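Me: Hi! Could you walk me through a couple of helices in this one?

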Amino acid sequence: MNRKTLLLAILTLVLAVFVAGAWFVSRPDPTPVATAAPLEQQDRLVRSYSPILGREDAPVTIVEFFDPACEACRAFHPIVKQILAQYPDDVRVVMRYTPFHGEGSELAIKVLEAARLQDVFVPVLEALLENQPAWASHGAPAAERIMEIAGAAGLDTAAAADQIRSPSIVGVLNQDRADVEAVGIQGTPTFFVNGKPLPEFGAEQLLSLVQAEVEAVATN
């Protein structure tokens with residue numbers, strides 16, 4: 001190999017290394033992929049008593065850890081309803097209680113459980129979220145309004161006053177609180193879709209993951 005050929009070979013090698021290095025530095029970051037929660041957590045995602053929105057035997061399950069006093073939960077609720085309307089036969093939503101906002105949250109959760117026992121869970125949930133600013137202001141909570149709002153939505157408040165003190169409803173609140181801690185929920189709303197957490201928090205991420213799971217079920 002003469003000197004000219006050797007020099008050309010060296011330049012070619014340097015160029016190849018440069019191109020490879022430039023691709024490595026500028027390559028796109030991998031798209032986050034949702035993977036199922038660990039098995040020990042999945043057992044805590046759904047309880048037999050948990051309220052369900054949508055078709056109970058739907059193949060795709062959204063688990064929502066929510067706090068009725070949470071402003072973000074209120075903002076996400078129309079998106080959850082949109083998903084249920086878009087996939088009425090494919091998706092259900094399992095509601096898990098996350099009392100992060102103190103006594104007001106706990107009372108609202110107990111009232112929702114009384115509403116579930118009275119078969120008026122959905123209208124009471126809708127009313128509490130719609131009127132959330134009236135009872136869940138973080139600066140000046142007005143928990144006494146909760147029962148009033150629930151009663152206007154169809155709750156038998158006299159019966160509910162006894163139900164919210166029952167061991168069964170207190171037990172639901174305590175179990176959900178334990179599951180929240182075990183799963184590691186740090187904020188609300190937190191969503192799992194068929195056991196998979198969102199790769200990133202956001203409405204688009206929730207919609208995309210639900211669509212992917214619905215399509216996966218359809219092809220299997």
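This is a predicted model: local features need pLDDT of at least 70, side-chain atom pairs count only at pLDDT 80 or more; totals for chains, interfaces and linings use all residues.

Me: How do the axes of α3 and α10 cross, and at what angle?

Reply: Helix α3 covers residues 71–86 and helix α10 covers residues 203–219. Their axes come within 11 Å and cross at roughly 20 degrees. Angles under 35 degrees count as roughly parallel, so α3 and α10 are roughly parallel to each other.

Me: Is that crossing left-handed or right-handed?

Reply: The crossing of α3 and α10 is right-handed.

Me: Which residues meet there?

Reply: From α3 you have F76, I79, Q82 and I83, and they meet A203, L206, L207 and V210 of α10. That contact divides into 7 nonpolar residues, 1 polar and no charged.

Me: Nice. Switching to α7: which of its residues are buried?

Reply: Helix α7 spans residues 144–152, and its buried residues are I146, I149 and A150. They sit on the same side of α7, because they cover an arc of only 100 degrees around the axis.

Me: Why would residues a few places apart point the same way?

Reply: An α-helix has 3.6 residues a turn, so residues three or four places apart point the same way.

Me: What covers the buried residues of α7?

Reply: The cover includes α4 (102–117), α5 (121–130) and α6 (132–135).

Me: And what does the face turned away carry?

Reply: That face of α7 carries the exposed residues E144, E148 and A152.

Note on methods
Residues are numbered from 1 along each chain as its sequence is written. Side-chain values use heavy atoms; hydrogens and water are left out. Axes are lines fitted to C-alpha atoms, for helices over the stretch in contact, and angles run from 0 to 180 degrees between N-to-C directions. Helices (H or I, at least four residues) and strands (E, at least two) are DSSP runs, numbered from the N terminus. Angles under 35 degrees count as roughly parallel, over 145 as roughly antiparallel, 65 to 115 as roughly perpendicular and the rest as oblique. A crossing is left-handed if the near helix is turned anticlockwise from the far one by less than a right angle, and right-handed if clockwise. Contact means heavy atoms within 4.5 Å. Ala, Val, Leu, Ile, Met, Phe, Trp, Tyr, Cys and Pro count as nonpolar, Asp, Glu, Lys and Arg as charged, and the others, Gly among them, as polar. Buried means under 20% relative accessible area, exposed over 50%, partly exposed in between (1.4 Å probe, protein chains only). The arc is that of the directions from the helix axis to the C-beta atoms.
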